[in-house]
Amino acid sequence: MKIGELAGRSGLNASAIRYYEKRGLLPAPHRAGGQRRYPAAALDRVLLIRFASEMGFTLSEIKVFLNGLRDDAPVGPRWKKLALRKIQEVEGSIQRARRLKSLLEHLLHCRCISLQVCVKRLSLSPDLRLIGRGGMPIST
């Protein structure tokens, strides 16, 4: 299939398909008359790249996943390895988001009389220093 058809069927722009080729996520297709011609299996690969991207995997992670993968190879073990790493990353993001939400909720009740006072409290608070390390947020 031509690049336009692959792009249309996958819901991506042709430029994204070319970018995936350039990054090594898609093997270079054969050419006929100067035009790229993709095998039918390329659609599955592009759809997997799109799905994994939407799930938060980086293109580098997706490339590792796809590297050396044969069309008839089981993918479960590869998904498991990649998913375990991503779950840890997501858990960290969830913890950071909870700390940020708590800080923002505290800021809703800020009673600082000036910006200087607020900055001083935020800067000097031992609790604020803990935010980046997993501690609880401050109260202002």
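Close-up 1. A search of the whole structure, a predicted model, finds zero disulfides, a disulfide being a pair of cysteine sulfur atoms within 2.5 Å. C110 is in no disulfide, and its nearest cysteine sulfur, that of C112, is 3.5 Å away. C118 is likewise in no disulfide; here the nearest cysteine sulfur, again that of C112, is 3.8 Å away. Relative accessible area, taken with a 1.4 Å probe on protein chains only, sorts residues into buried (under 20%), exposed (over 50%) and partly exposed (in between). C110 is partly exposed at 31%, whereas C118 is buried at 14%.

Because this is a predicted model, local features need pLDDT of at least 70 and side-chain atom pairs count only at pLDDT 80 or more, while totals for chains, interfaces and linings use all residues. Residues are numbered from 1 along each chain as its sequence is written, and side-chain values use heavy atoms, with hydrogens and water left out.

**Close-up 2. The salt bridge between R36 and E21.** A salt bridge places a side-chain nitrogen of Lys or Arg within 4 Å of a carboxyl oxygen of Asp or Glu, and the count comes to six. One of these joins the side chains of R36 and E21, at 3.1 Å from N to O. R36 belongs to strand 2 (residues 35–37) and E21 to helix 2 (residues 14–23), so the pair ties together parts that are 15 residues apart in sequence. Helices (H or I, at least four residues) and strands (E, at least two) are DSSP runs, numbered from the N terminus. R36 and E21 are both buried.

Close-up 3. In helix 3 (residues 41–54), R50 and E54 are four residues apart, which means a separation of about one helical turn. Their side chains form a salt bridge of 3.1 Å, N to O. R50 is partly exposed at 30% relative accessibility, and E54 is exposed at 56%. In helix 5 (residues 76–107), K86 and E89 are three residues apart, again about one helical turn. The salt bridge between the side chains of K86 and E89 is 3.1 Å, N to O. K86 is buried at 7%, while E89 is partly exposed at 42%. A network of salt bridges links K86 and E89 with E61.

**Close-up 4. The largest nonpolar core.** A nonpolar core is a set of buried Ala, Val, Leu, Ile, Met, Phe, Trp, Tyr and Cys residues joined through side-chain atoms within 4.5 Å. The largest such core has 24 residues, of which L6, I17, I49 and I62 touch the most other members. Two or more residues come from each of helix 1 (3–10), helix 2, helix 3 and helix 4 (59–66). Helix 3 gives the most, with five residues. Contact here means heavy atoms within 4.5 Å. Apart from its neighbours within four places in sequence, I62 is in contact with L25, I49, A52, S53 and F57.

**Close-up 5. The buried face of helix 4.** L59, E61, I62, F65 and L66 are the residues shown, and they are buried in helix 4. Seen down the helix axis, the buried residues fall within an arc of 155°, so they line one face of helix 4; the arc is that of the directions from the helix axis to the C-beta atoms. These buried residues pack against helix 2, helix 3 and helix 5. Helix 4 is followed by G68, whose phi is positive, near 75°.

**Close-up 6. Aromatic pairs around W79.** Rings of Phe, Tyr and Trp (its six-membered ring) pair if their centres lie within 6.5 Å; planes under 30 degrees apart count as stacked, over 60 as edge-to-face and the rest as tilted. The count comes to three aromatic pairs. The ring centres of F51 and W79 are 6.3 Å apart with planes at 85°, so this pair is edge-to-face. F51 lies in helix 3 and W79 in helix 5, so the pair ties together parts that are 28 residues apart in sequence. F51 is partly exposed at 43%, as is W79 at 24%. F57 and W79 form a tilted pair, 6.1 Å centre to centre and 55° between the planes. F57 sits in the loop between helix 3 and helix 4, and is buried at 10%. Ring pairs link F51, F57, F65 and W79 into a cluster.
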